[in-house]
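Trainee: Before we discuss any detail, could we look at the structure together and go through it by question and answer?
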Amino acid sequence: MLNVGQRSVLPGFRLTLGCTLMYLSLLVLIPLAGIFVKSSTLTWEAFWSTVTDARALASYRLSFGASLFAAAINLFGGLLVAWVLVRYEFWGKRFVDALVDLPFALPTAVAGIALTAVYSGNGWVGRWLEPMGVKVAFTPLGVLVALTFIGLPFVVRTVQPVLEDLDLEIEEAAASLGANRWQTFCRVLLPVLVPSLLTGFALAFARALGEYGSVVFISGNMPMQTEITPLLIMTKLEQYDYAGATALAVVMLVVAFCLLLTINLLQSWGSRHHAPA
Amino acid sequence: MGPSPTNRAIRPARRHRPTTEPLWVRRLLTGAALVFLALFLVMPLASVFAHALARGFGPYFSALADPETLRAIRLTLIAAGIAVPLNLVFGVAAAWAIAKFDFPGKQLLITLIDLPFSVSPVIAGLIFVLMFGAQGWLGPWLSDRDIQIIFAVPGIVLATLFVTFPFVARELIPLMQAQGRSEEEAALVLGASGWKTWWRVTLPNIKWGLLYGVILCNARAMGEFGAVSVVSGHIRGETVTLPLHIEILYNEYNFVAAFAVASLLTLLALVTLVLKTWVEWRNRALHGAEN
C-alpha cells in the first residue's frame, strides 16, 4: 500500500499530494471541523431550541422555499435558453451565450443593488408591476428574484453540452415513425436530458441556499418575513452569539453535504446515461 | 403555365423539416428566452451604469477618486494578489497528483476540493472567526502576541483563499485526466528532467485551462462579499474591500457613489466574460485543429 502511485515513472506524486492534503486540511477541513466541535460544546437542548426557534424556522421556510422555487424557474428557463442557443440561429447569439455566465462573474453585492434598483417601486420593471399590486423588492418575491439570478447559469450550462451532442438521426427516426415534434421532444429528447436537468436544478438549489450577498439588498431583512438563514447567522454573529450562529451553521452544512452527495450521484448517473461517443 | 423550375427547386426547402419546429414556434421560443434573459441579466447590468452616471461624469469620477474608494481598491488587489497565486500553485499540485497518478480515495479528494463551493459564504467567514476570533481557539494565544487576524487584513485574505480554493483545480483535473500521462512519460524516457517535462510538455498542454481557472478565481476573489463581510469588521479605510465599500455607500443612501464603485466591479465581470469566451474559442479552435 505504501508505494501507491509509485508505479508511474512520473515524478512528484508525494510532493504534490502531500502539499494538496496539507493545504486542504489547514484551509478547509480543520476550520470546517471546528464548526462541529464548537457546536458540540452546546447541550443538546440548547442546540435544539436554537435551531427550532420560531425565527429560525421562518428563515428555513423562506430559504428552502425560495431556493426551490428559484431552481424550478431556472429548470424551465434554463432548458429554454439552452434549447434556443443550441438549436436556433439569431442575431447576437454569441453575445447572449457569453452573457449567460454573468451571475458567475458579477460580484453578489453588485447583483444585489442592481436587482433592487430594477425591481423596486420606481425601477425599470418595478414601476410596471407596482400598479398591478405586485411588490418585488423588500418582499419574499425579491428573495426569489435574487436567487433566480444567482442560479441562472447552472441548468443552461449542464443541459447545453448534452443537447449539442445529441444525434439528429434519432429525431429523424422518431419523425419517420410518425411522431410529431412535441411527441419527439417529450418521448425522445426529454428522457436523455433528465439527468443533466436534475444536476443543474440541484446545483442551482445548493447555490441559492447559501447565497447571502445579493439577497440582503433586495430582501429588506425583516425577521420572520424576509430573513434568510445565512442572514440570521450573520445577525447572531453581530450580537456575539457565536454558539447560536454555529448551531444554525451546522444545520446548513448538513443540508449542503446531503445536496453535494445527491449532485455527485446525479452526475455519475448522467455520465452513465450520456457516455461520450 | 406551370411553375418555373426555380420555383420548384425552392418549394421543398420551404416545406417544414421534420427535425425542427415551425418558424412561429422558433420565433416564440427565441423571444421568450431573450425576455427571460433581459429581465434577469441585461436590465440589472444596464441599471448599474445608468445609476452610476445618473448625475453625469463629474460625480461618477469624483466617487471613484475618493480616498476611501482608492484604499478599498488597494485592499481588494492585495487580497486577490495573494489568493490567486496561492490557489494557482495548489490547484496545479492537486491536479497533477489527481490526474497523473492512481491512489485510493481519489474520488473523495476531488469531492473535498469542491467543498468550498457548497458552503455558504457566511459559514466560510464564520469558521475563521471561530478559529482566530477573540473568543476562538487561537484567540488568546494570538492576542498575547499582538497578532490580529479577524477584523484585519489576514482574515480577509484567509476568507478569500477559502472561497476561491476550488477554481483552478476543478478546471485542470478533468483536462489533465483527459490528456493522460503518455506524453510526460515519453519526455521522461527520452531523458528530460521532471521540471523540464512540466515546463515543456504539461504546461503548454494545459495553459488555456489554467488561464480559464485563474480568470474565474480572480473574479471571485475580487468580488467576494459574504465571507469577507463576516471577518472584516467594516473598519473604514482599513478592512473594507470594494464589495464592502459598495454596501457602506449604499446603506448611506449615497447611490451614485455606490453604483459608481459597482460599475468598476461590473467592468471587471465583463472583462472576465470576454476573456472566458476568448479562451473557450481558442480551446475549441485548437481542439478542432487536432481532430
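Mentor: Let us begin with a definition: a residue is buried under 20% relative accessible area, exposed over 50% and partly exposed in between, with a 1.4 Å probe and protein chains only. This is a predicted model, in which local features need pLDDT of at least 70 and side-chain atom pairs count only at pLDDT 80 or more, while totals for chains, interfaces and linings use all residues. Residues are numbered from 1 along each chain as its sequence is written, chains are lettered from A and ligands numbered from 1 in the order in which they are written, and side-chain values use heavy atoms, with hydrogens and water left out.

Trainee: Is A:Asn221 buried, partly exposed or exposed?
Mentor: A:Asn221 sits in the loop between α11 (213–219) and α12 (229–238) of chain A, where helices (H or I, at least four residues) and strands (E, at least two) are DSSP runs numbered from the N terminus. Its phi is near 55°, a positive value in a residue other than glycine. Because its relative accessible area is 29%, A:Asn221 is partly exposed.

Trainee: What is the relative accessible area of A:Tyr240?
Mentor: A:Tyr240 belongs to the loop between α12 and α13 (242–273) of chain A, and its phi, near 60°, is a positive value in a residue other than glycine. A:Tyr240 counts as exposed, with a relative accessible area of 55%.

Trainee: How are α1(A) and α6(B) oriented to each other?
Mentor: The axes of helix α1 (residues 13–40) of chain A and helix α6 (residues 121–132) of chain B come within 9 Å and cross at roughly 75°; axes are lines fitted to C-alpha atoms, for helices over the stretch in contact, and angles run from 0 to 180 degrees between N-to-C directions. Angles under 35 degrees count as roughly parallel, over 145 as roughly antiparallel, 65 to 115 as roughly perpendicular and the rest as oblique. The helices α1(A) and α6(B) are therefore roughly perpendicular.

Trainee: How many nonpolar residues does the contact of α1(A) with α6(B) have?
Mentor: The residues in contact (heavy atoms within 4.5 Å) include A:Leu27 and A:Ile30 of α1(A) and B:Ile123 and B:Phe128 of α6(B). By class, Ala, Val, Leu, Ile, Met, Phe, Trp, Tyr, Cys and Pro count as nonpolar, Asp, Glu, Lys and Arg as charged, and the others, Gly among them, as polar. The contact has 1 charged and 1 polar residue, and its nonpolar residues number 11.

Trainee: How are α3(A) and α10(A) oriented to each other?
Mentor: Helix α3 (residues 54–87) and helix α10 (residues 181–210), both of chain A, pack with their axes 8 Å apart at an angle of about 135°. The helices α3(A) and α10(A) are therefore oblique.

Trainee: Which residues does B:Ala79 touch, not counting residues up to four places away in sequence?
Mentor: B:Ala79 has its place in helix α4 (residues 67–100) of chain B and counts as buried, at 2% relative accessibility. With that sequence exclusion, the residues that B:Ala79 touches are B:Ile156, B:Val157 and B:Thr160.

Trainee: What is the relative accessible area of B:Ser232?
Mentor: B:Ser232 lies in helix α12 (residues 226–232) of chain B. Not counting residues up to four places away in sequence, B:Ser232 touches B:Phe151, B:Ala152, B:Ile156, B:Thr239 and B:Leu244. B:Ser232 is buried, and its relative accessible area is 0%.
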